[in-house]
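Colleague: I would like to go through this model with you slowly, asking each time what a word rests on. Please set the value beside the cut-off before you conclude anything.

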Amino acid sequence: MSDPTATLGGTTGSALGGTLVTPLASYRNDKPYPFCPGCGHGPILDRLDEALVARRVDPARVVLVSDIGCSGLSDQYFATSAFHGLHGRSLTYAAGLKLARPDLDVVVILGDGGTGIGGAHLLNAARRNVGITALVLNNLNFGMTGGQHSTTTPYDAVTSTTPGGNLEHPLDLCATAAVNGAAYVWRGTSFDADLGERIAEAMATPGFALLDVWELCTAFFVPKNRASKRTLGELMDRLGFQRGLVQSREVAEYAAAYRQRAAQAAAKEEADGGIESRFASPLDRRFGLVVAGSAGGGVRSATRLVARAAVSCGLWAAQRDDYPVTVRSGHSLSELVLDPRPVESAKVTRPDAAVVLSDDGRRKVQPLLARMAADGVVFLAPQVGAVETPARVEVLAPQEGRSVPRGQLGLAILVAALRELGLLPAEALRAAAEAGSDDRFAAAVAAAAVIAPAVIAPQPPRRETGAEA
């Protein structure tokens, strides 16, 4: 339906472009509710119907999301779209729907059981403020499965799993949602005359909205606890739970904010024009380079700079990194594939060249060095121990009487290695460094001018000591 007010039923209408537009008198279908006599679910759903009628939304653009429990039966009694899923996961389904289709009105109908099982989802829904409305049918116990206690069961309340009285403090859903940043939070009961207005108000609020609606489970909670309309209010007071509007604040609705941020990023990328191909490289085949050093030594970022320089030379580049979970200790290994044709995999199984900047990196990369061909080359920083490889080995170090700051030495040696290989022109590396946000890169590229081969010799087999193994 193209117009949000053109739908089923209704007794009045107006002509709009030759089409009769008739507001819905109800979003309910003709199926009767299945709930127990006196259950609060029916009255709450009737108030939801009132809110939908007041909002005059195309029912095709309304999605009622539910999970398991008596409340999970609700969506099938409305002439709207619906999604039914696993217990406690309804908020995640709803968030996905709203992110994919921000034009939808998404209402989650869940029970107190669902808020407990999906507690982490409730916290994150409030933090993110995706524009969905959570209507909690809170009857203070698991009604469908036999009246077991839930996360909202009041202290000392009797249930089938707490026959001597509940010893747990109930979860304050409203305080939880509010403190985590929800845009709209309200608490009341199924008996409140303004419930329909509050639901409509929540649905109109950008951001996450939660309504904690207390009600009576006449099958289990009422007979065990002598609960009534009056005692619901008394329970709220005794627990110190705020009633009515708990929080209403302006927030950036997540779906809209995300799209805005993505559009800004796309516009910036378009303005930047990507990486312009301004230089040339003699490379005419796939070339695998491995850079091995220590964590925190700038291995990954330095290799990324080389990849950027390669792209500016018209090459394709793909990088693959390996480092321990400790991140700032141990090895850091980057594999870089350069190719004049599109690269399908960044994995280097037999390097054409390797740059080893530390003993941490040497120990990690040794199996790859052993697989290299005789026409390959391994470049070592001066402090790195001997390696076992059939490839030629060069030690790169500052020229006699020249020095390079320690923080720049690794990248300077990498740039010098690329110079020795003749893969990329120095101008491409300088341009890549200048395009980066770290001044150390530009300084290190300049420092590479004083790096030269110190020793060129085949490396004899080396036996690892127990401490290095």
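Colleague: What makes you say that both faces of strand 15 are covered?

Modeller: In this predicted model, Ala353 and Val355 lie on one side of strand 15 and Ala354 and Val356 on the other, and all of these are buried. Buried stands for a relative accessible area under 20%, so both sides of strand 15 count as covered.

Colleague: How do you know that strand 15 pairs with strand 12?

Modeller: Two strands pair if there are at least two bridges between them, and strand 12 and strand 15 are joined by 4 bridges, therefore they count as paired, and they run parallel. Within this pairing, Val356 in strand 15 has Ala292 opposite.

Colleague: And what joins strand 15 to strand 16?

Modeller: Here too there are 4 bridges, and the two strands run parallel; Ala354, for example, has Val378 of strand 16 as its bridge partner. From strand 15 the chain passes through helix 11 to strand 16, and this β-α-β crossover is right-handed.

Colleague: Why is that crossover called right-handed?

Modeller: The word applies if, with the strands pointing away from the viewer, the path from the first strand over the helix to the second runs clockwise, and the path from strand 15 through helix 11 to strand 16 is right-handed in that sense.

Colleague: How do you know that the span of helix 11 is close to what is expected?

Modeller: Helix 11 covers residues 359-370, which is 12 residues, and from its first C-alpha to its last it reaches 16 Å, to be set against the 16 Å expected at 1.5 Å a residue. At the start of this helix, a side-chain oxygen of Ser358 comes to within 3.4 Å of the backbone nitrogen of Asp360.

Colleague: Which residues of helix 11 are buried, and what covers them?

Modeller: The buried ones are Gly361, Arg362, Val365, Gln366, Leu368 and Leu369, and what covers them includes strand 12, strand 14, strand 15 and strand 16.

Colleague: Why is Lys364 called partly exposed?

Modeller: Lys364, which has its place in helix 11, has a relative accessible area of 36%. Leaving aside residues up to four places away in sequence, Lys364 touches Asp322, His331 and Leu333.

Colleague: What makes strand 14 a mostly covered strand?

Modeller: Of its 9 residues, 9 are buried. His331, Leu333, Glu335, Val337 and Asp339 are on one side, with Ser332, Ser334, Leu336 and Leu338 on the other. Strand 14 is joined to strand 12 by 8 bridges, antiparallel, with Leu289 standing opposite Leu336. It also pairs with strand 13 over 7 bridges in the antiparallel sense, where Asp321 has Ser334 as its bridge partner.

Colleague: Why is Ser150 called buried, while Ala54 is called exposed?

Modeller: Ser150 has 4% relative accessibility, which is under the 20% cut-off, so it counts as buried. Ala54, which lies in helix 1, has a relative accessible area of 56%, which is over 50%, and therefore it counts as exposed. Ser150 itself is in the loop between strand 8 and helix 5, and among the residues it touches are Asp112 and Phe142.

Colleague: What makes Arg56 and Arg226 worth a separate look at phi?

Modeller: Most residues other than glycine have a negative phi. Arg56, however, has a positive phi of about 55°, and the phi of Arg226 is near 50°, also a positive value. Arg56 lies in the loop between helix 1 and strand 3, and at 42% relative accessibility it counts as partly exposed. Arg226 is in the loop between helix 7 and helix 8, and its 77% relative accessibility is over 50%, so it counts as exposed.

Colleague: How do you know which stretches to read with caution?

Modeller: The mean pLDDT of the protein chain is 90, and 92% of its residues reach 70 or more. Over residues 1-16, however, the pLDDT is below 50, although this stretch has 42 contacts in the model beyond near neighbours in sequence. Residues 464-469 also stay under 50, with 5 contacts beyond four places in sequence. Where pLDDT is low, the predicted coordinates should not be read in detail.

How values were computed:
Residues numbered from 1 in each chain as written. Predicted model: local features only at pLDDT ≥ 70, side-chain atom pairs only at ≥ 80, totals over all residues. Heavy atoms only, no water. pLDDT = per-residue confidence, 0-100. Contact = heavy atoms within 4.5 Å. Expected span 1.5 Å × (residues − 1). Buried < 20%, exposed > 50% of the residue type's maximum accessible area, 1.4 Å probe, protein only. Polar contact = N/O pair within 3.5 Å; in protein donor to acceptor, adjacent residues only side chain to side chain.
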